Amino acid sequence: MFGLGRHSLPEDFFRGACDVHCHLLPGVDDGFPTVEKSLHALKKLEQRGVKKMVFTPHFMKDYPDNHREAIMAKFEAYKAEAAQVCGIELHLAAEYMLDACFLDHFKEGFLTLDKGGNHVLCETSYMMYEHGITEMIYEIMCAEYQPVIAHPERYEYANREIYFRWKDKDYQYQLNLLSLAGTYGSNAVAKARYLLKEGMYDYVGSDMHGLSNFEHFLPEIRLDKKCLEQLERLIENNKRLVG
Ligand SMILES: [Fe+2]
């Protein structure tokens, strides 16, 4: 218990947890650079009680080599290696930038958060609202895909009006856990707390790019009772999503 009625995360917060957003697939984006560092992180997360992880490498025009078949092959090779040292169940999805390549990824078939399912993790530029985002999302929703907006609290341009408008369109929201720790600045903390209290999030993910940053910021999280209850609801949603 800390001042202002705020609490740190409970000791057993990660017991049985499923992470739906992380960059542990090594050497494919700005996440973990090597297999060794990634396996080390997996072992540490297993000690915390994590049971399942969905790897979500970036698919965007900045990473032209990241396409479905190539990433699937890298994931299968990594998964075989990870199984030698760790019992965490691994799944593969992707984090799709809503950019000029988005509809190409749509055509080749999305890697979804729910295996064989329809939940697609999408992100936008942090700084500016780019034209055509809602049209692209509309197109995939017409094909029965469910968009899950990654870390809406991080978008500088986003305000209450946008958050409610997107929710009215049935977009789902994924909170970055470390947004609550101040990792992305005070605006992101305020937005994350607001969206949590409003009950607007559907899932929570680590968006982990490196273990040390994650472990450094995790103890900084302080939440009131209502936010903690919401967070526990999201953890349960994660489990239901991935199965
Ligand atoms: Fe990410």
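**Core, sheet and a helix pair**

Beyond its neighbours within four places in sequence, Leu 180 is in contact with Val 189, Ala 192, Ile 221 and Leu 223. The model is predicted. Leu 180 is also one of the residues that touch the most other members of the largest nonpolar core.

**Nonpolar core**
- The largest nonpolar core has 66 residues.
- Along with Leu 180, the residues touching the most other members are Leu 24, Phe 55, Tyr 96, Leu 113, Leu 121 and Cys 122.
- Helix α6, residues 186-197, gives the most to this core, contributing 5 residues.

**Helices α6 and α8**
- The axis of α6 comes within 9 Å of the axis of helix α8 (residues 225-242), and the two cross at roughly 75°.
- Angles of 65 to 115 degrees count as roughly perpendicular, so α6 is roughly perpendicular to α8.
- On the α6 side the contact is made by Arg 193, Leu 196 and Lys 197, and on the α8 side by Lys 226, Cys 227 and Gln 230.
- By class, this contact of α6 with α8 has 3 charged, 2 nonpolar and 1 polar residues.

**Open sheet**
- Six strands form an open sheet with parallel pairing, in the order β3-β5-β6-β7-β8-β9.
- The edges are β3 (58-59) and β9 (203-205); each has a single partner strand, so one side of each is left without a neighbour in the sheet.
- Strand β3 runs parallel to β5 (residues 95-97) and is joined to β5 by 2 bridges.
- In this pairing, His 58 stands opposite Glu 95 of β5.

How values were computed
Residues are numbered from 1 along each chain as its sequence is written. This is a predicted model: local features need pLDDT of at least 70, side-chain atom pairs count only at pLDDT 80 or more; totals for chains, interfaces and linings use all residues. Two strands pair if DSSP finds at least two bridges between them. Helices (H or I, at least four residues) and strands (E, at least two) are DSSP runs, numbered from the N terminus. A nonpolar core is a set of buried Ala, Val, Leu, Ile, Met, Phe, Trp, Tyr and Cys residues joined through C-beta atoms within 7 Å. A residue is buried if 20 or more other C-beta atoms lie within 10 Å of its own, exposed if 12 or fewer, and partly exposed in between; C-beta atoms are placed from the backbone. Two residues are in contact if their C-beta atoms, placed from the backbone, lie within 7 Å. Axes are lines fitted to C-alpha atoms, for helices over the stretch in contact, and angles run from 0 to 180 degrees between N-to-C directions. Angles under 35 degrees count as roughly parallel, over 145 as roughly antiparallel, 65 to 115 as roughly perpendicular and the rest as oblique. Ala, Val, Leu, Ile, Met, Phe, Trp, Tyr, Cys and Pro count as nonpolar, Asp, Glu, Lys and Arg as charged, and the others, Gly among them, as polar.
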